[in-house]
Amino acid sequence: SASLALAQGPKSTAKPAARPAAPPYNAYVHTWHQPTPGHTAPVDANGKKKLVLMALNTQERVELSAEKDTGTFSAHELDRAAHLLREPSSGNEYPIEPRVLDAVYRIQVHFDAQEIRIISGYRTPHGGASNHGKGRAIDVVVPGATYDDVAKFAREMGFMGVGIYPQSGFVHVDVRERSYFWVDSSGPGK
């Protein structure tokens, strides 16, 4: 009825405000590589740098104390790392291979990075033989360092799998029996 329409007011023909478009993926990648101004890696009571892992998917951060200059982490610290490196979509965790954590620590110290930003750690295996599903691989970003420089340094450690993902903006590092290096120029999720 006309009186009901007047009581409800005029109908709006305006479309709801559109959400602002998300920045393109490469804008995110650019920010991942930028160090946070004024931040440095924390040190332990003996002045040794701590390994700082920051998971980009969950925004969680953990500081781990190394026992030696080349790494070596206690069982407790390995458990803390495994929790941060869990698969975010399922919450599944898996023990981290100590050698891969030592390698990431050496990378952080070598580049004097404030933290190592994690793209991916553990992934639940789905029939493949991925080192991610064995707790032996981490996809990393080192703020302030290029992926070429990170990959070159990681390759020099030996017994490493090192993959450069230039379109996705990270370096894959894993530990293995024979070194293997690759470049994957496909984009994210491809």
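Predicted model: local features only at pLDDT ≥ 70, side-chain atom pairs only at ≥ 80, totals over all residues.

A pair of aromatic rings is described by the distance of the centres and the angle of the planes.

**Aromatic rings**

- The structure holds five aromatic pairs, and one of them is the stacked pair of Tyr94 and Tyr122, with 5.4 Å centre to centre and 5° between the planes.
- Because Tyr94 lies in the loop between helix H3 (75-84) and helix H4 (98-110), while Tyr122 lies in the loop between strand S3 (116-120) and strand S4 (137-141), this pair ties together parts that are 28 residues apart in sequence.
- Tyr94 has a relative accessibility of 36% and so counts as partly exposed, whereas Tyr122, at 11%, counts as buried.
- Another aromatic pair, formed by Tyr180 and Trp182, is tilted, with 5.6 Å centre to centre and 35° between the planes.
- A charged residue also meets a ring, since Arg155 lies over the face of Phe181, at 5.7 Å from the ring centre.

**The cavity**

- The count comes to one cavity of 30 Å³ or more, and the volume of the largest cavity is about 30 Å³.
- The residues that line the largest cavity include His33, Val140, Tyr147 and Phe170, and at least two lining residues come from each of S4, helix H5 (147-157) and strand S6 (170-175).

Terms used: Residues numbered from 1 in each chain as written. Heavy atoms only, no water. Phe/Tyr/Trp six-rings, centres within 6.5 Å; stacked < 30°, edge-to-face > 60°. Helix = DSSP H or I, 4+ residues; strand = E, 2+ residues; numbered from the N terminus. Buried < 20%, exposed > 50% of the residue type's maximum accessible area, 1.4 Å probe, protein only. Lys NZ or Arg CZ within 6 Å of the ring centre and 35° of its normal. 1 Å grid on protein atoms, 1.4 Å probe; cavity = no way out; pocket = protein on both sides within 12 Å on 5 of 7 lines; lining within 4 Å. Points joined across faces, edges and corners; volume = space filled by probe spheres on them.
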